[in-house]
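Below are my notes on the structure you sent, as numbered points. Please read them alongside the model.

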Amino acid sequence: LLSPLLLLVLAPMLLAQSSGSPDYRAMEAHQHGQAELRILLETNRVEMEFESPAFNLVGFEHKATSLQEKKVVKNAIALLESPTRLIAFGGSACSPEATQIDVSSVSNEEDEHDHEAEHDHEAEHQHEDEDEHDHEHETEASHADIIARYSFSCENNSDLSYIEINFFRLFSGLEKVNALWVGETGQGAMQLTASNRRLDLN
């Protein structure tokens with residue numbers, strides 16, 4: 001049997017070959033306003049991975065440096081860590097079990113060192129030079145993404161009829177979510193919008 005991770009990797013290719021869906025092919029490109037949602041339906045479990053250009057969620061795609069940018073990133077993390085506000089289920093009661101948020105593309109790693117023992121002046125100067133070089137290299141990079149992973153426990157996946165996505169209400173920069181779902185009984189793809197947030201599973 002394929003592992004869940006491998007299944008998520010292979011299923012999009014199989015789906016694209018079989019359906020030729022233009023909505024699915026759009027998921028291959030990093031586009032502002034659009035995001036990807038990959039869903040794996042297992043027995044009484046739902047695994048999700050939401051991947052979006054950072055611009056959609058925080059308004060920029062570089063390491064946060066100003067206090068305002070850091071605050072925006074912190075607020076985005078708080079929202080992404082609230083799966084019950086972002087995702088609703090129909091037909092079966094599902095409760096979040098685990099959440100993992102990756103904002104390393106926009107988080108300022110220097111913050112992690114604020115409470116460490118102080119370095120000698122030369123080491124600090126060298127570290128600053130490296131940071132400046134990294135920042136220059138970063139501005140040349142094309143994209144930065146934010147990834148959120150969720151794990152839900154459900155009463156009965158066979159009764160699960162739809163999943164409703166509410167990211168649009170909390171992130172104004174998000175216009176479309178290209179969703180792909182894979183389950184024991186089938187698979188499908190759909191493009192969700194603020195006016196069409198429901199992913200039907202039947």
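1. The link of Cys-94 and Cys-154 is right-handed, with 110° about the S-S bond. The S to S distance of this disulfide is 2.0 Å; a disulfide here is a pair of cysteine sulfur atoms within 2.5 Å. By that rule the count comes to 1 disulfide. The link connects distant parts of the chain, with Cys-94 in strand S4 (residues 94-102) and Cys-154 in strand S5, 60 residues apart. Helices (H or I, at least four residues) and strands (E, at least two) are DSSP runs, numbered from the N terminus.

2. Cys-94 counts as buried at 17% relative accessibility, and Cys-154 is buried with a relative accessible area of 5%. Buried means under 20% relative accessible area, exposed over 50%, and partly exposed in between (1.4 Å probe, protein chains only).

3. On provenance: this is a predicted model, in which local features need pLDDT of at least 70 and side-chain atom pairs count only at pLDDT 80 or more, while totals for chains, interfaces and linings use all residues. Residues are numbered from 1 along each chain as its sequence is written, and side-chain values use heavy atoms, with hydrogens and water left out.

4. Strand S1 (residues 34-42) and S2 pair in the antiparallel sense over 7 bridges; two strands pair if DSSP finds at least two bridges between them. Ile-39 has Met-48 in S2 as its bridge partner. The hairpin of S1 and S2 has 2 residues between the strands, and Asn-44 takes a positive phi near 60° in this hairpin.

5. S2 also pairs with S5, in the antiparallel sense and over 9 bridges. Here the bridge partner of Glu-47 is Ser-151 in S5.

6. What is the size of the largest nonpolar core, and which residues have the most contacts inside it? The core has 41 residues, and those with the most contacts are Met-48 and Phe-167. S5 gives the most to this core, with 5 residues. A nonpolar core is a set of buried Ala, Val, Leu, Ile, Met, Phe, Trp, Tyr and Cys residues joined through side-chain atoms within 4.5 Å.

7. Leaving aside neighbours within four places in sequence, Met-48 is in contact (heavy atoms within 4.5 Å) with residues including Leu-37, Ile-39, Phe-89, Ala-148, Phe-152 and Ile-163. Arg-38 and Arg-149 are also among the contacts of Met-48, and both arginines return in the next point.

8. The structure holds 8 salt bridges, a salt bridge being a side-chain nitrogen of Lys or Arg within 4 Å of a carboxyl oxygen of Asp or Glu. One of them joins the side chains of Arg-38 and Glu-36 at 2.3 Å, N to O. Arg-38 is buried, with a relative accessible area of 12%, and Glu-36 is buried with 18%. In another, Arg-149 pairs with Glu-49, the closest N and O atoms being 2.8 Å apart. This pair links distant parts of the chain, Arg-149 in strand S5 (residues 145-154) and Glu-49 in strand S2 (residues 45-53), 100 residues apart. Arg-149 is partly exposed, with a relative accessible area of 30%.

9. Arg-197 and Glu-164 also meet through their side chains in a salt bridge (3.5 Å, N to O). Arg-197 lies in the loop between strand S8 (187-193) and strand S9 (198-200), and Glu-164 in strand S6 (residues 162-165), 33 residues apart. Glu-164 counts as buried at 16% relative accessibility. Elsewhere, salt bridges that share partners join Glu-36, Arg-38, Glu-49, Glu-51 and Arg-149 into one network.
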